[in-house]
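Subject: Structure handover

Hi,

Here is the structure for you to pick up. My notes follow below it.

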Amino acid sequence: MEILDGKKISNQIKDEIAAEVAKMRERGEKVPHLAAVIVGSDGASLTYVGSKVRACERVGFESTMVRMPSTTSEQELLKKIHELNEDKDIDGFIVQLPLPEQIDTQKVIMAVHPDKDVDGFHPMNFGKMALDMSTFIPATPFGILELLERYQVDTKGKHTVVIGRSHIVGRPMSILMGRKGWPGNSTVTLTHSHTKNITQIISQADIVISALGVPNFLKAEMVKDDAVVIDVGITRVPDDSTEKGYYITGDVDYENVSKKASFITPVPGGVGPMTIAMLLKNTLLARERHRS
Ligand code: GUN
């Protein structure tokens with residue numbers, strides 16, 4: 001069994017990006033600038049956005065965090081997005097999800113200019129991704145592809161089972177694994193809450209990608225020998241004995257599944273850090289596109 005070490009690989013990617021940024025500085029060019037909008041004060045969202053901003057500092061990007069109160073109206077948020085679209089200094093930006101219920105998430109996603117949509121959530125970019133055109137690939141699926149590539153995981157002709165059809169992870173992942181090329185060329189099954197015989201389908205998978213958010217969902221008896229197991233779950237479980245008052249756990253019963261798997265991602269330290277690294281990569285790409 002080999003651990004797909006997202007922490008290690010994400011650090012390598014950040015080093016590569018930092019080297020690119022250093023060259024940009026030497027040439028006297030503008031460096032990439034990422035903005036992150038956060039509405040409200042959800043603890044997990046604040047942690048994620050904080051990590052994204054710190055990652056920018058680490059690689060030498062400029063970053064701007066825009067904090068708006070939980071009472072922000074849809075119109076106020078759309079106005080802010082319009083400002084960021086127009087701001088020549090900002091190369092790319094994200095609006096952290098989920099949003100408060102008074103705001104229509106689809107309208108927000110549509111309002112972000114596709115050239116600055118480093119999350120890859122705009123229908124224009126999502127459509128390009130599905131059609132194999134060059135675009136911003138959503139950071140979490142992009143990070144999983146990068147892990148599979150750097151560990152030389154064979155995906156051709158394999159049966160990939162994706163669990164969960166979210167717009168951020170499951171849906172794009174299912175498209176990407178079925179695309180031509182590598183990592184890809186897989187035969188994909190996208191499973192969700194209405195899937196019948198889900199355990200039977202999972203037991204046939206060469207590659208399992210679980211993006212469900214249910215701790216300990218995936219058990220050893222559900223996966224076949226030598227399966228590749230990717231755990232996208234990041235659930236906070238309250239625990240007063242820890243410093244933060246919670247611990248993070250994935251969808252996979254790691255202790256037992258790791259004994260059967262050929263490759264597996266740990267939580268934390270697997271997919272999570274890769275998401276941040278690939279957001280930086282998309283932002284670098286946005287800068288390069290704006291330059292040319
Ligand atoms: N919420 C959870 N994951 C993400 C992400 O990748 N981007 C944004 N904007 N919000 C998220």
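How far apart do the end C-alpha atoms of residues 138-290 lie, and what share of the span is helix and strand? The ends lie 19 Å apart, and the span is 33% helix and 18% strand. Helices (H or I, at least four residues) and strands (E, at least two) are DSSP runs, numbered from the N terminus.

Two ground rules. This is a predicted model, in which local features need pLDDT of at least 70 and side-chain atom pairs count only at pLDDT 80 or more, while totals for chains, interfaces and linings use all residues. Residue numbers start from 1 along each chain as its sequence is written.

**Annotations and domains**

UniProt (unreviewed entry) labels residues 138-290 "domain: Tetrahydrofolate dehydrogenase/cyclohydrolase NAD(P)-binding". Its positions are in the numbering used here, feature names are shortened, and annotations may be inferred rather than shown by experiment. The protein is divided into domain 1 (28-113) and domain 2 (139-272). Those bounds come from an automatic or database domain assignment. The C-alpha centres of the two domains lie 27 Å apart.

**Ligand**

Around the ligand are Ile94, Val95, Gln96, Leu97, Asp119, Ala139, Thr140, Ile168 and Thr275. The cut-off is a C-beta atom, placed from the backbone, within 6 Å of the molecule. The shell divides into 5 nonpolar, 3 polar and 1 charged. Here Ala, Val, Leu, Ile, Met, Phe, Trp, Tyr, Cys and Pro count as nonpolar, Asp, Glu, Lys and Arg as charged, and the others, Gly among them, as polar.

An open sheet of 6 strands runs in the order 1-11-8-7-5-6, with parallel pairing. Strands pair if DSSP finds at least two bridges between them. Strand 1 (2-3) and strand 6 (187-191) are at the edges with a single partner strand each, so one side of each is left without a neighbour in the sheet. Strand 7 (residues 207-210) and strand 8 (residues 228-231) share 4 bridges. Serine 210 is opposite aspartate 231 in strand 8.

**Backbone points to check**

Leucine 97, from the ligand shell, is joined to proline 98 by a cis peptide bond, with omega about 0 degrees. Proline 98 sits in the loop between strand 4 and helix 4 (105-111). The bond from tryptophan 182 to proline 183 is also cis, with omega near 0 degrees. Proline 183 is in the loop between helix 7 and strand 6. Aspartate 132 has a positive phi of about 65 degrees, although it is not a glycine.

Best wishes
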